[in-house]
Amino acid sequence: REITKLVKNLYRAANKFGISKVIQKINEINEDNVDDVLFDFIIKITLKKYEIENKSELCKTYVNGKAKLAQSTCIVLIKEHIHISHQSLSNKFGKKDHQLTAMALREFKGRNEKIKQDKEFMDIYRELQIEIEKFKAKK
């Protein structure tokens, strides 16, 4: 009975506001469940690995060099270990839309270990993955 009522309300909302708005709101509710401790741990170990002093370096309007690599690494790792939308993750890095997250994930998929820079990135990525798994095992 309650489920039927919920579905009817969702149907009405989808008709009134559009399905994408309804889904966006559902995702926003889900974002409240982000594991802040794990999120902060991923940021911390990534900053340390890339020798960057604080997170604000990753949230500037223009991010280049090792800060850009650190930002991309954080995004990929966070998306793998925490349920968070592209939009919300980009917002945490000071961006207004989902493009930062989408671009980082697209670049990650396109990495080729035969290229020196990509191999270095992947080595750091795997190293951080191991640290994250150890951290999660302790929780």
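Visitor: How far apart are the mean positions of the positive and negative charges of the chain?
Guide: Happy to start there, with a predicted model in which local features need pLDDT of at least 70, side-chain atom pairs count only at pLDDT 80 or more, and totals for chains, interfaces and linings use all residues. Residues are numbered from 1 along each chain as its sequence is written, and side-chain values use heavy atoms, without hydrogens and water. Lys and Arg count as positive, Asp and Glu as negative, with His and the chain ends not counted; each charge is placed at NZ of Lys, CZ of Arg, CG of Asp or CD of Glu. For the 29 positive and 20 negative charges, the mean positions are apart by 6 Å.

Visitor: How many helices and strands are in the chain?
Guide: Both are DSSP runs numbered from the N terminus: helices are H or I with at least four residues, strands E with at least two. The chain has zero strands, and its helices number seven.

Visitor: Why does the end-to-end distance of helix H4 agree with its number of residues?
Guide: The expected span is 1.5 Å times one less than the number of residues. H4 covers residues 65-81, so its 17 residues should span 24 Å, which agrees with the distance between its end C-alpha atoms, 25 Å.

Visitor: Which helices do the buried residues of H4 pack against?
Guide: Buried means under 20% relative accessible area (1.4 Å probe, protein chains only), and the buried residues of H4 include Cys74, Ile75 and His81. With contact meaning heavy atoms within 4.5 Å, their partners are H3, H5, H6 and H7.

Note on methods:
Buried means under 20% relative accessible area, exposed over 50%, partly exposed in between (1.4 Å probe, protein chains only).
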